[in-house]
Amino acid sequence: MSKRLTPDELRTLFLFESLDDDQLARLAADGEVEHRDAGTVVYAEGEPATCFFVLLEGTVAMSRRVHGDEVEVNRTEQRGVYGGATQAYIGERVSQTYLNTLRAITDSEFFVLPADVMAAAVREWFPMAIHLLEGLFFGMRATQTIVGERERLLALGSLSAGLTHELNNPAAAAVRATSTLRERVSGMRQKLAMIADGRLDGTQLHRLVELQDDAVKRAASAPKLSALATSDAEDAIADWLDDHDVTGGWDLAATLVAGGVDVEWLEHIASTVEDGDLEPALRWLCYTVDTELLMGEIEDSVTRISGLVAAAKQYSQLDRTPYQTINVHDLLDATLTMMQAKIPKGVRVVKDYDRALPSIPAYAAELNQVWTNLIDNAVGAMDGEGTLTVRTTREDGRLIVEISDTGSGIAPEIRQRIFEPFFTTKPVGEGTGLGLDISYRIVVNKHHGDIRVESQPGATTFRVYLPIDDQDAA
Ligand SMILES: Nc1ncnc2c1ncn2[C@@H]1O[C@H](COP(=O)(O)OP(=O)(O)OP(=O)(O)O)[C@@H](O)[C@H]1O
Ligand SMILES: [Mg+2]
């Protein structure tokens, strides 16, 4: 025997409170009370939406599948909340499947109506509301589609634009260094002829090779000098070369200083070779220093390239599962690396990380999108000069990422609106006004976190709060 509710009992549910007696009687006749045990699925996302459920008693949790993961979107014990076939009144124009999954957390009771009964009742009783709802529904769907596409484009666009730019510099540097290296090596081969001519005897040659080894070591560990110190050192060496009748001293001086060579070291060489051989010997050593520096440059460039590729991989999370346990600092570092080209020289970047923070479960690629949007806004507000601070802390079981800038600030009258989709103060073509909307949805809807902003001229801070699931992190 199925259990029913009386019209008066139905009236106590907020959804039905304004229905008249006839309407309530009809719902009471068609709907039944159903019990579900704790832990069971009431209805499952994707299955045909055949019933409309109203919670009478118990606790339920609603979840949605996002990229294959089940994400809880709501948990409640509020009597009267409803779910299931909520779009039945729209009819054939949308696929009538459950849009989410409802689970009974405790033993629960529901008032259950067949979807077609619910749809017919709503259409018949509220024809005008149906028109408005349909307008809203299809309008929202169009907006969602546009926003979703735009979102993907933004992520992809900022990633590839930033990366191309960033990769270009070290790649070009490596190519340049390699071609110079080729010239130097060929020059060195020619200088070998000098040795073959027998102008250097065995001991001299021996000594020269030792000096060469020393030059290589110096070049590898040469301290980075300031511009002023460099030009002083070059002056000193050029003078020494002049005094020793070495022509083209200036060319050699720059290389020798870069390789960490000083006047004292030159004296060594002068005492090793005959006067007439000083210049060819020095040039030979310069080639050595030069090739060493060039190889160092190539190594640096190539290391930078692999670093960037690693950052791009970390940033895009292309080879990872979307939902995983992550360290926010890795994400922040990867994002900052990817955005380097977009941050003007006049903007100082300060990182203030609390390294003791635990890893948290999160959608890594999407959080990177959040950092990107916030950093992009912060940089945009600074007009080429200022300080960008990226800070991490924790507070009451929540991890906080702060992005602060010393820019213009957000005027109080627009503070309420900045998270709205399409709200922007940037000129047409520069901002879409989606950055904060997207960020908000990622942080609040997908991570159950929060974004807050504090701003005055010269000091704006966006704080992203993310729940720390200690159990999960451990
Ligand atoms: N750090 C900030 N300082 C000052 N104003 C800000 C800051 N961050 C956001 N805003 C304001 O909020 C508005 C909305 O930001 P949002 O990121 O949503 O869009 P947008 O930056 O204008 O465009 P998009 O991010 O799509 O390129 C901005 O136009 C700007 O007026
Ligand atoms: Mg923005």
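This is a predicted model: local features need pLDDT of at least 70, side-chain atom pairs count only at pLDDT 80 or more; totals for chains, interfaces and linings use all residues.
Here are some friendly notes on the helix contacts, the pocket and the cavities of this structure.

1. Residues are numbered from 1 along each chain as its sequence is written, chains are lettered from A and ligands numbered from 1 in the order in which they are written, and side-chain values use heavy atoms, with hydrogens and water left out.

2. Start with helices H2 (residues 21-30) and H3 (residues 115-125), which pack at an angle of about 170° with their axes 11 Å apart. Helices (H or I, at least four residues) and strands (E, at least two) are DSSP runs, numbered from the N terminus. Axes are lines fitted to C-alpha atoms, for helices over the stretch in contact, and angles run from 0 to 180 degrees between N-to-C directions. H2 and H3 are therefore roughly antiparallel to each other. For angles, under 35 degrees counts as roughly parallel, over 145 as roughly antiparallel, 65 to 115 as roughly perpendicular and the rest as oblique.

3. Which residues make this contact? From H2 come Gln23, Arg26, Leu27 and Asp30, and from H3 Val117, Ala120, Ala121, Glu124 and Trp125; contact means heavy atoms within 4.5 Å. By class, the contact of H2 with H3 has five nonpolar, one polar and three charged residues. Here Ala, Val, Leu, Ile, Met, Phe, Trp, Tyr, Cys and Pro count as nonpolar, Asp, Glu, Lys and Arg as charged, and the others, Gly among them, as polar.

4. Next, look at H9 (residues 278-316) and H10 (residues 328-339). Their axes come within 9 Å and cross at roughly 120°, which makes H9 oblique to H10. The contact is made by Leu308, Ala311, Ala312, Gln314 and Tyr315 of H9 with Asp330, Leu331, Ala334, Thr335, Thr337 and Met338 of H10. Seven of these residues are nonpolar, three polar and one charged.

5. H9 also meets H7 (residues 249-258): the two axes come within 9 Å and cross at roughly 50°, so H7 is oblique to H9. On the H7 side the contact uses Leu252, Thr255, Leu256 and Ala258, and on the H9 side Arg283, Cys286, Val289, Asp290 and Leu293. This contact has six nonpolar, one polar and two charged residues.

6. On a 1 Å grid over the protein atoms alone, a cavity is a set of points where a 1.4 Å probe fits but cannot get out, while a pocket is an open set with protein on both sides within 12 Å along at least five of seven lines; lining residues have an atom within 4 Å of a point. The second largest pocket has a volume of about 960 Å³. Its lining has 35 residues, with Asp376, Asn377, Thr424, Lys426 and Gly431 nearest the centre. H11 gives the most to this lining, with nine residues.

7. How many cavities of 30 Å³ or more does the structure hold? There are two. The second largest cavity has a volume of about 50 Å³, and residues lining this cavity include Ala49, Gly84, Thr86 and Tyr98. Its lining divides into four nonpolar, six polar and no charged residues.

Definitions and conventions: Grid points are joined across faces, edges and corners, and a volume is the space filled by probe spheres set on the points.
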